[in-house]
Structure formats: structure tokens, C-alpha cells
Amino acid sequence: MGIETINIKDISTVQALRIPKDLRNSLTFLLILLLIPLAGISKDLSNEKNPVSSDSIINVALLQIRPVGADVGANIKKGDEYCRKAKAMGADIALFPEMWSVGYSNFYLTGIDSLQNKGSLSFEAWKAKAVDSGSDFIHHFQHLAAELNIAIVINYLEKWNGPPRNSSTLIDSKGNILMTYAKVHTCDFTTMEAKCTPGDDFYVCELPVREEKVKIGIMICYDREPPESARILMLKGAELILTPNACTLDKKRINQFQTRALENAVGVAMTNYPKPFQNGHSCGFNSKGDKLLIAGEHEGIFIIPFNIIKIREHRRKTIYGNAFRRPDKYHLLISPEVDSVFIRDNGLGEKFIREKR
């Protein structure tokens, strides 16, 4: 039958079986050869990982791009261009940096002596650039999302009843607004954000991406510093936290953001401005805190693939997140009292009183 011509990949393994000579040319020997792979002597198919469905991969595009100053129209145009490029690169979600509509431009106030009070616009001119959900700015990105079949997280100076807000709107691939989040932890130590209205809560919503519905949370720049922001988003069910950013990202801050992923068992992605405005280093980490990407300082689009199936599997097994927490012991966390060592003035030279923010 020509059994001798069968190609046995691991001769030493077959020899270790010590097969009797009278069986080598028999049907029994043929059956043994056929059973070797199933016995684990060859490749162990039982441990082979199932191929990852493309539907489980969520590609987040970090738009690390320079703004055109406080020119809202020009920033619409550039944002449109880079969303189209991101879609061509396979993105499912395009994430802008912080306050993209005005390029995180500052303003000046008379009567305040501060290094941070050097904007080219007066406060009133800056405030007049704020946009709301009915503006051409938001409508443009709604239409663009529907045209490209891509979700967009657009961050902007939001018109508000009183001082404007630093806000992000999540638009789905049909052009629908799913949620708008305003920055809770405004940078009150700066002149600009001390004149913004803080948000009043954190939100999570379901974003359809092909066959998946991913639970998305948003926090903005300084929100990532107090651990409570990511913690609340995790407790509300977030699987992926997206963060528009506008600050210098050193190793400590990036490690801090990585820790937010690890301690809450969530994927995180952050988009920063490139040089010369900031220093880039947009980044992303998976729910285990593993680095997926840290960009350089230059302008560009950086795609991070998040495996939502692996995130969910990890969340079912991890010791982190809400697995072994003791919230009954955390009463002090919601106390408004401040130790004297932490009492500060804000960017306007006034005493910071959190209850009034």
C-alpha cells in the first residue's frame, strides 16, 4: 500500500511509540498515524484560538492635527479632510482633540495679571465663537458621519446659558447625536477654563459599530487626572473611554492614563494636539493596561484597533474594575471638605470654591 511513503513530520515522536514491526505495514499502523495529531503529539488543535471576527475590532482614529487658530470655519474644513482620510484608513470612530472648534485658543481679560491671560481675542469675542447642537459646525459633522458611515467624537466650545462649556458630542455613523458630555473637571487653575461652565455628570451610551454595540464613555483632558472620572464611567458600564486632550503629555501623565485602563478594565484612547501647539503622544491602552499605541509629536492620524470581544472576556475575569471594591468604606470620597494644604486660587485670582462650580 506504500505506507512507507507517508511524510511523518516528527520521526522521533513516532519512534518513541515503539510500534511493533508486525504492525508497521498494517491497517492498524495507518490508524495510529491518523490519530497522532488528535493525541496532541502533533499540533494541538484543541488549543487553537478562534479567528477574530472583523466585527469585534473597533478601529479608533486619533486625529492628532493642528488647528487653524480660532477660525471655526477653517477648523470645520480641516476636520472634514482628516475624517475622510481616517475613513480611508479603515476607521470606525474619529476622535478629535480638545475644543477643536476654536483650536483651544485662549482669550484675554482686562485687569488680570497672569501668564495664562495672553489670548489674542477678548473674552466676549471668544465666547461669541461658541456653537450649539443646532449650529452649522455640528450639522456639518453629522452629515459627514452619515456620508462616510463613521462615528465622530467632536470636541468644541459649546454655547451655554451663561459661560460656554468645553464639550464633546458623539455622533454615530448614521449622523445621529448619541450624547453630549461637558467637561466636569474644568481646569480652573487657568484663566480660560475658570470662565467655562463645568458639566454636571458623566455619561455612557451604546454606539452601534457593524454587528456590535459598544458602550462608550467620554472624559476630557484634566478629567483623566482625578481617578473618579474613569471610575464612574466604568460603573456606568463603559467598555471604551474616549478622551479629547490639549496638554503636554509626559511619561507620568501617559502612565497615569494607562493606569485608568488597568484599574477599570476598560479600553482607553486619547487624542492630543501635535507640535508646536502641544507635544502629541496621543495614545491608547487595552483593558489590561497594555500599550496599543503612543504616537510621536508630529501631526497625523493614528489608528488603534480595540478588540471588543477580548475586552469583554477580560472584564469577566479580572480582579480590577468593580470586582472586589468596597464602596461601603468610601464615604470620605464625597466629602466637600478640603485640607488647608489643598486650598487654591483659580486662574482668575479668586478662591476656588468647588460647591459653586
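**Note on the predicted model**

1. Pro 276 lies in the loop that separates strand 11 (267–271) from strand 12 (283–285); strands (E, at least two residues) and helices (H or I, at least four) are DSSP runs numbered from the N terminus. The peptide bond between Lys 275 and Pro 276 is cis, with omega about 5°.

2. The model is predicted, with local features requiring pLDDT of at least 70 and side-chain atom pairs counted only at pLDDT 80 or more, while totals for chains, interfaces and linings use all residues. Residues are numbered from 1 along each chain as its sequence is written, and side-chain values use heavy atoms, leaving out hydrogens and water.

3. The mean pLDDT (the predictor's confidence in each residue, from 0 to 100) is 87 for the protein, and 84% of residues score at least 70. Confidence is highest in strand 2 (residues 93–95), at 99, and lowest in helix 1 (residues 11–16), at a mean of 34.

4. Tyr 104, in the loop between strand 2 and strand 3 (107–108), has a positive phi of about 50° although it is not a glycine. Most residues other than glycine have a negative phi, and most peptide bonds are trans.

5. The whole structure contains 21 salt bridges (a side-chain nitrogen of Lys or Arg within 4 Å of a carboxyl oxygen of Asp or Glu). Arg 357 forms one with Asp 188, their closest N and O atoms being 2.5 Å apart. This pair links distant parts of the chain, 169 residues apart.
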